[in-house]
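Please read them with the coordinates open.

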Amino acid sequence: MVKARRLGLIVSRLPSLDSGDVPRLKPVAVEDLLLRPSENIDYPRLEHLVKRKAVLVTGGGGSIGAEICDRILTFGAARLLVIENSEPALNTVIERLVARKTGTTIDGRIADIRDSHRVLQLMHEFKPNMVFHAAALKHVPILERDWSEGVKTNIFGTVNVADAALAVGAEAMVMISTDKAIEPISMLGLTKRFAEMYCQALDQDLQSQPRWKSPMRLISVRFGNVLASNGSVVPKFKAQIEAGGPVTVTHPDMVRYFMTIREACDLVITAAAHALMPDRPKVSVYVLNMDSLSKLSISPNA
């Protein structure tokens, strides 16, 4: 591919002739770099979790948040509220979601999760059954320099979202975390681990209290490299390839394991469905395993 780029040739792919589709040349997509089949998901289970529910997504204008919104519509949510602090990103995702015409009532509001009063106000107005918390600062080099901003968003912002979700009686809050929270050595990993610890502590406290109904669950889901997501290394590699190289890597023996945005979001919702099953152990942290090029799965991490 690199040689073709240098010669100015367009690289395309031809779908399998066994698929029954009309054979047309298509641009090479990031999914073609996966080198393994996409993960099989239990979609009826996810539909059962989301259908006719009111779902709120923070950071809904980002790559992960926007895809979660899209999947929430696919699985039949009654109402969706998208919270985003970027006006252009919010406008883009709302227009795209409304264009799907799924019957879900969709609203988008500008808000910063650092503003606890604003977050609580929106939660009270919307009264979500489920909250997916995708808002975060996550670029490692930037957070190493401006670490205080990461603390404000990733730690205190998560506290605001979790407390507000609890105050309005949500069934669950699901936080998007990172594999960098495992024995963290960066500010991204450290701030996300703090956020996890708060959610874990609150979850354990709620589980220990006698209640007449099931208490809210707080769930954190860790994963690593997501193809074509904001902050992914793939766009950087792609630009380096288009420029004729070289492709920079951390170490010659480095192995990266990737998943697609859709896989990541479906597995996040799967983790929520797993945690909310009454006969399951009360696990609050889940890890998306990427321990081989041909395997991708969920495992609980107590």
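1. The side chain of Thr-104 makes a polar contact of 3.4 Å with the side chain of Thr-102, where a polar contact is a pair of N or O atoms within 3.5 Å, of which, within protein, one must be able to donate a hydrogen and the other to accept it, residues adjacent in sequence counting only if both atoms are side-chain atoms. A polar atom of the Thr-104 side chain also lies 2.7 Å from the backbone oxygen of Ala-77. Thr-104 itself is found in the loop between helix H4 (87-99) and strand E5 (105-110); helices (H or I, at least four residues) and strands (E, at least two) are DSSP runs numbered from the N terminus.

2. Thr-104 counts as buried because its relative accessibility is 12%; buried means under 20% relative accessible area, exposed over 50%, and partly exposed in between, with a 1.4 Å probe and protein chains only. Leaving aside neighbours within four places in sequence, Thr-104 is in contact with Leu-73, Ala-77, Ala-78, Arg-79 and Leu-80, contact meaning heavy atoms within 4.5 Å.

3. On the basis of these values, please keep in mind that this is a predicted model, in which local features need pLDDT of at least 70 and side-chain atom pairs count only at pLDDT 80 or more, while totals for chains, interfaces and linings use all residues. Residues are numbered from 1 along each chain as its sequence is written, and side-chain values use heavy atoms, with hydrogens and water left out.

4. For the chain as a whole, the secondary structure comes to 10 helices and 12 strands, and 45% of the 302 residues count as buried. Of the contacts with a separation of 6 or more, 70% are between residues 24 or more positions apart. The chain exposes about 15,900 Å², of which carbon and sulfur atoms supply 56%; accessible areas come from the Shrake-Rupley method with a 1.4 Å probe, and for residues only the protein chains shown count as cover.

5. How many salt bridges does the structure hold? There are 14 salt bridges, each being a side-chain nitrogen of Lys or Arg within 4 Å of a carboxyl oxygen of Asp or Glu. One of them joins the side chains of Glu-171 and Lys-53, at 3.3 Å from N to O. This pair links distant parts of the chain, 118 residues apart, with Glu-171 in the loop between helix H7 (147-167) and strand E7 (172-176) and Lys-53 in the loop between helix H2 (43-50) and strand E3 (54-58). Glu-171 counts as partly exposed at 30% relative accessibility, whereas Lys-53 is buried, with a relative accessible area of 16%.

6. Arg-262 deserves a separate look. Arg-262 forms a salt bridge with Glu-67, the closest N and O atoms being 3.0 Å apart, and this pair links helix H10 (residues 261-275), which holds Arg-262, to helix H3 (residues 63-74), which holds Glu-67, across 195 residues. Arg-262 also forms a salt bridge with Asp-70, where the closest N and O atoms are 3.5 Å apart; Asp-70 lies in helix H3 and Arg-262 in helix H10, so the pair ties together parts that are 192 residues apart in sequence. Salt bridges that share partners join Glu-67, Asp-70, Arg-100 and Arg-262 into one network.

7. Which members of these pairs are buried, and which are partly exposed? Glu-67 is buried at 12% relative accessibility and Asp-70 is buried at 10%, whereas Arg-262 is partly exposed, with a relative accessible area of 41%. Helix H10 is mostly covered, since 14 of its 15 residues are buried. The end C-alpha atoms of H10 are 21 Å apart, which agrees with the 21 Å that its 15 residues should span at 1.5 Å a residue, the expected span being 1.5 Å times one less than the number of residues.

8. Thr-191 is found in helix H8 (residues 187-208) and is buried, with a relative accessible area of 1%. Its side chain is joined to that of Asn-154 by a polar contact of 3.1 Å. Not counting residues up to four places away in sequence, Thr-191 touches Gly-150, Val-151, Asn-154 and Ile-155.

9. His-117, in helix H5 (residues 116-126), counts as exposed at 67% relative accessibility. His-117 and Asn-160 are 43 residues apart in sequence and 8.6 Å apart in space, C-alpha to C-alpha.
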